[in-house]
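Keep the coordinates open beside the text.

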Amino acid sequence: MELYFLRHGIAEDVGPEGAGDAGRRLTKEGIAKMKDAARGLKRIGVRLDVLLTSPLARAHQTAEIVARELGVELRLADALSPGCNVALLFELLGEHRAAERVMVVGHEPDFSTMIAALAGGGRIQLKKGGLARIDLEVLEAGGTLVWLLPPKVLRG
């Protein structure tokens, strides 16, 4: 399985009144940069069977932009909310075993921690709007880090 990790784009520092952290949306700059990044995903040939996103506003917006550009259906996954870990990720991916190419959209520090764990250790930093690809030969085991792309590479 090709597993893509996409960190949400640039978001507001504070969400709307009463919405808290979950309601923080992408900024105008964040939207524009994610649209450019989504076109970059298409340009470099990323194709997806499944696109899963955290339900938090900033991740959901990011995933919507990617879904439109790549022509794929978007699915909300509560497991990708902040606090996600490798065990929760494997449980979620288990629901999509037949998929060859899956993208998850979510948050830090969870994504960097999971990428590092799946790749066998080390320190990883996934920037806002950044993309990593891990190839998993066996779902419940580690994988190979294929890409760790900063957002400017996707937008370039």
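M114 is in contact with F5, C84, N85, V86 and L89, leaving aside its neighbours within four places in sequence; contact means heavy atoms within 4.5 Å. M114 is found in helix α4. Helices (H or I, at least four residues) and strands (E, at least two) are DSSP runs, numbered from the N terminus. The relative accessible area of M114 is 1%, so M114 is buried. Buried means under 20% relative accessible area, exposed over 50%, and partly exposed in between, with a 1.4 Å probe and protein chains only. M114 and K152 are 38 residues apart in sequence and 22 Å apart in space, C-alpha to C-alpha.

A word on the basis of all this. This is a predicted model, where local features need pLDDT of at least 70, side-chain atom pairs count only at pLDDT 80 or more, and totals for chains, interfaces and linings use all residues. Residues are numbered from 1 along each chain as its sequence is written, and side-chain values use heavy atoms, with hydrogens and water left out.

Stay with α4. Seven of its nine residues are buried, so α4 is mostly covered. The buried ones are D110, F111, S112, M114, I115, A116 and L118. Their cover includes β1, α3, β4, β5 and β6 (144-149). After α4 comes G120, with a positive phi near 100 degrees. For context, most residues other than glycine have a negative phi, and most peptide bonds are trans.

How do α3 and α4 pack? Helix α3 (residues 86-94) and helix α4 (residues 110-118) meet at an angle of about 80 degrees, with axes 10 Å apart. Axes are lines fitted to C-alpha atoms, for helices over the stretch in contact, and angles run from 0 to 180 degrees between N-to-C directions. The two helices are therefore roughly perpendicular to each other. Angles under 35 degrees count as roughly parallel, over 145 as roughly antiparallel, 65 to 115 as roughly perpendicular and the rest as oblique. V86, L89 and F90 of α3 make the contact with M114, A117 and L118 of α4. By class, this contact has six nonpolar, no polar and no charged residues. Here Ala, Val, Leu, Ile, Met, Phe, Trp, Tyr, Cys and Pro count as nonpolar, Asp, Glu, Lys and Arg as charged, and the others, Gly among them, as polar.

Now α3 itself. Its buried residues are L89, F90, L92 and L93. Seen down the axis of α3, they fall within an arc of 160 degrees, so they line one face of the helix. The arc is that of the directions from the helix axis to the C-beta atoms. On the other side of α3, A87 and E91 are exposed. The cover over the buried residues of α3 includes β1, β2 (50-53), β4 and α4.

Next comes α1 (residues 28-43). At 1.5 Å a residue, its 16 residues should span 22 Å, and its end C-alpha atoms are 23 Å apart, which agrees. The expected span is 1.5 Å times one less than the number of residues. G30, M34, A37, A38, G40 and L41 are buried in α1. Seen down the axis of α1, these buried residues fall within an arc of 155 degrees, so they line one face of the helix. An α-helix has 3.6 residues a turn, so residues three or four places apart point the same way. The face of α1 turned away from the buried side carries the exposed residues K28 and R43. Covering the buried residues of α1 are elements including β1 (2-7), α2 (57-70), β4 (101-106), β5 (131-135) and α5 (151-155). G45 follows α1, and its phi is positive, near 90 degrees.

R101 is in strand β4. Is R101 buried or exposed? Its relative accessible area is 16%, so R101 is buried. Not counting residues up to four places away in sequence, R101 touches E2, Y4, R47, L48, D49 and V50.

L56 lies in the loop between β2 and α2. At 10% relative accessibility, L56 counts as buried. Its contacts, leaving aside neighbours within four places in sequence, are D21, A22, S81, P82 and H107.

E73 is found in the loop between α2 and β3 (74-76). At 56% relative accessibility, E73 counts as exposed. E73 and L51 are 22 residues apart along the chain, and their C-alpha atoms are separated by 6.6 Å.
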